[in-house]
Structures are given as structure tokens and as C-alpha cells.
Amino acid sequence: MIYNFDTVIDRRHTSSVKWGCGMQVKEWNFTERFDDETIALFTADMDFRCPQPVIEALKRVVRHGIFGYSGTAGLPEYNQAICRWFRERHDWEIHPESIVSCNTATEALDIAIRAYSREGDGILITRPVYGPFTDAILKNRRRVVDSRLIDNDGYYTMDFTDIERKIREENVTVFALCSPHNPAGRVWSEDELKCLAEICERNGVIIISDEVHCEFTRKGVTFLTMAKIGKPENTVVVTGINKSFNCAGLCAAQVMIADERLRAGFKKEQGMSLPNPFAIAAVIAGYTEGDEWVDQVNAYIEDTIDWILEYVKKYLPKVRIRRPEGTYILWADFRGTGLSPEEIHDRIYNRANVCLDSGSGYDPEQGSGFERICIPSPRAIIKEAFERIAKEFADCME
């Protein structure tokens with residue numbers, strides 16, 4: 001089946017957090033302005049229809065007409081679909097018993113932090129990093145230990161010497177890894193993952209690897225799951241269809257925990273949790289029949305990135321955006337404009353009326369002047385957003 005990702009679907013005045021909940025966005029302090037003319041590129045949520053097999057599967061659930069308590073124990077095709085997908089697309093053999101259903105990756109991280117650490121323990125993250133990592137640590141009364149990524153002209157790497165030093169000095173018990181990295185766009189290499197795994201293993205640190213963006217990589221880039229690198233007793237992997245097939249609203253994540261002890265600890269902390277019937281159907285359909293859609297959406301995103309980088313080079317030359325190796329996220333550095341973070345914000349959010357995601361939410365100390373841009377939208381929307389921004393920064397580009 002050929003999918004048309006140029007189709008613009010009006011999501012305003014719906015339940016969409018991205019397009020339809022302006023008051024909520026204002027409450028989150030993303031922007032002072034959010035109206036029917038706002039272009040929303042602030043959250044990792046696609047503006048493309050889900051794969052047709054997923055849509056058809058959801059229709060079948062509706063036609064059945066009963067939406068009671070649901071589980072996967074009587075549906076071997078659920079685990080089979082998950083195992084098939086990761087075996088064929090990532091050369092990763094998953095044992096069905098290791099799969100634990102969860103609503104979202106953020107919820108899984110929240111549960112894992114409580115299961116594998118105690119109040120007051122250090123939880124290590126590498127900023128800039130997805131903001132809810134910090135939130136999950138703080139709300140569970142753990143300490144944020146930050147080993148800042150090294151910025152090599154927009155290409156970010158981990159500081160392994162600093163990581164090991166902080167693990168030993170700060171009573172770190174859990175490392176929250178973002179892989180591929182959000183927002184820096186890195187797809188960690190095998191050598192990088194091995195080095196991190198060795199450090200954590202010799203220091204008794206459990207790695208929770210958030211891999212929800214694993215299906216989105218650029219041409220020639222191969223994603224490698226931490227599950228194939230780290231020892232089972234030190235490794236927990238979070239994935240799911242929420243990002244892969246644009247199903248975030250269905251709450252259909254999975255946590256892969258090969259080690260029986262770690263799995264028991266996670267389930268105990270999670271308590272009773274049942275996936276909804278729509279999530280179950282979507283998982284089976286997506287992981288069974290979603291290959292074409294993922295391949296085509298990756299190609300479309302690749303072309304969108306090409307257009308953006310060429311446009312920025314020509315019209316926004318003082319804004320630094322490096323091609324991400326993975327995700328559908330751009331990490332844009334506006335500091336070269338010479339403007340204050342407040343002026344940058346005003347020109348983008350209020351004057352251009354484009355809602356992005358301020359870098360300070362990903363790095364409270366050094367994120368000012370950066371913006372996270374989520375680009376899985378029809379190209380017409382992307383073009384208009386960048387044209388609006390370029391117009392407001394034209395005086396800074398000379």
C-alpha cells in the first residue's frame with residue numbers, strides 16, 4: 001500500500017494535545033499565544049494517519065462492541081507479533097515471557113525508578129534530555145545526577161569518564177538512557193553502548209533504556225538495542241507502538257525485562273495494570289503488518305529533513321541544526337542570532353506563531369537558546385512554519 005503523507009488532516013478543535021488544547025499548552029508555559037493560526041511542532045506526535053492495518057483492527061474492536069477489562073494472556077498473537085517485529089527488523093530475539101505491557105514509556109520509567117532504587121538514590125541522566133526523565137526522578141524523591149553530553153558542533157557524545165566518576169561519587173543506582181537520544185538525535189554506536197554497559201555492570205547500576213524512537217533512523221544508520229549489549233540482570237528496555245505507528249493516545253508501550261528478578265520487581269511496583277482492547281489490537285496489527293508504513297514514513301521524514309537543512313542554510317544561516325541520526329526531532333541552536341532567549345522565544349512563539357519546545361525543558365542550565373522541533377507533519381505545514389520563523393529572524397541573518 002502507498003501512503004500519502006502530504007495529506008493535511010485538520011486536528012484543531014479535537015482532543016489532540018498538540019493542536020486542540022491551546023489552553024493546556026498555555027498552562028504548560030510553552031507559549032502565551034495559541035490560536036487557530038498556530039502551527040504546532042512542539043510534541044513528538046505525528047500528523048499522519050496511522051497504518052491502515054491498525055485502523056482496520058480498531059474498527060473490528062468497535063464492531064465487536066464490548067470494551068471490558070482486557071488482557072493478553074489468551075492472545076498468543078500479541079507476543080508473537082512483538083517478537084516477529086523485533087527479530088526481523090532489529091535482529092533481536094525476545095522471549096515472550098520477558099514482555100510486560102505498560103501504558104507509556106514515561107510511566108514505565110516512573111515504575112522502574114521506584115522498583116530499582118530507593119528514595120535519595122542518584123539517578124543518572126545525560127542532558128540535554130527528554131524533560132520527563134527529570135520529572136520522574138524528582139517526583140519519586142530521587143536525586144538527579146547529570147552527566148552532560150559533550151557538544152561537538154551539534155554532534156553529541158557521552159563523557160564516559162564523567163559518567164563513571166559520578167556513578168561512584170553520587171550513589172547512582174539507575175542510569176536512564178535515551179536511545180535514540182531525544183532531543184540530540186544520536187543513535188548510539190555499538191562501541192558507545194558497550195562502554196556504557198561495562199561501566200554500569202561493574203558498578204551495579206541498572207540501565208533503563210528508553211527506545212521508543214527506535215524505528216526512526218536515517219539512511220545508512222542502524223539502531224542497536226541495549227538488550228543485545230547489556231547483561232540481562234542490568235538491563236531494562238522500554239519500547240512500544242506509541243511512537244512507531246503514531247498511537248500515543250492508545251497507550252501501548254512494552255517493557256522488555258529478560259531477567260526474572262528485575263521483571264518481578266517491576267511487576268510488583270506496577271501493580272494491577274491491564275491494557276485496553278484498542279491498544280492490544282493496534283499492537284498486533286502494527287507489529288504484524290506495519291512494515292510498509294514505517295519504511296515509507298521514514299523516507300518521507302528523510303526528505304523533510306533534507307528540505308529543512310537546505311532552507312535553514314539559505315535563510316537561517318545563523319541557526320545551527322545538525323542532521324539527526326535518529327528520531328523525527330531536530331535540536332535547533334538559535335544562539336548564533338545574538339538574541340536573548342526571551343527575544344528568541346517571542347519571535348518564534350508570538351510573532352511567527354509557531355509553537356516549538358524550549359530547550360530549557362531539556363537542559364535547565366544550558367538549554368536556553370535551543371528549540372526542539374518535531375517534524376513528522378505534512379511538508380506544507382513544515383514549510384510554512386520555517387518560512388514564518390525565517391521572516392521574523394531575517395534581520396539577524398545578515
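A salt bridge here is a side-chain nitrogen of Lys or Arg within 4 Å of a carboxyl oxygen of Asp or Glu. The model is predicted, so local features need pLDDT of at least 70 and side-chain atom pairs count only at pLDDT 80 or more, while totals for chains, interfaces and linings use all residues. Residues are numbered from 1 along each chain as its sequence is written, and side-chain values use heavy atoms, without hydrogens and water.

**The whole chain**

Begin with the protein chain in cartoon view: its secondary structure comes to 13 helices and 15 strands. Helices (H or I, at least four residues) and strands (E, at least two) are DSSP runs, numbered from the N terminus. Of the 398 residues, 58% count as buried. Buried means under 20% relative accessible area, exposed over 50%, and partly exposed in between (1.4 Å probe, protein chains only). A search of the whole structure finds 39 salt bridges.

**Helix α4**

Select Arg114 and Asp110, which form a salt bridge with the closest N and O atoms 2.8 Å apart. The two residues are four apart in helix α4 (residues 105–116), so about one helical turn separates them. Arg114 is partly exposed at 26% relative accessibility, and Asp110 is buried at 11%.

**Helix α12**

Next, select Glu343 and Arg347, whose side chains meet in a salt bridge (2.7 Å, N to O). Both lie in helix α12 (residues 341–351), four residues apart, about one turn of the helix. Glu343 is partly exposed at 25% relative accessibility; Arg347 is buried at 7%.

**Arg11 and its partners**

Move to Arg11 and Asp47, where the side chains meet in a salt bridge (2.7 Å, N to O). This pair links distant parts of the chain, 36 residues apart: Arg11 is in the segment before α1 (22–27), and Asp47 is in the loop between β1 and α2. Both residues are buried.

Asp45 is buried, at 17% relative accessibility.

**A network**

Finally, select Arg84, Glu88, Arg89, Glu215, Asp291 and Asp295, which are linked in a network of salt bridges.
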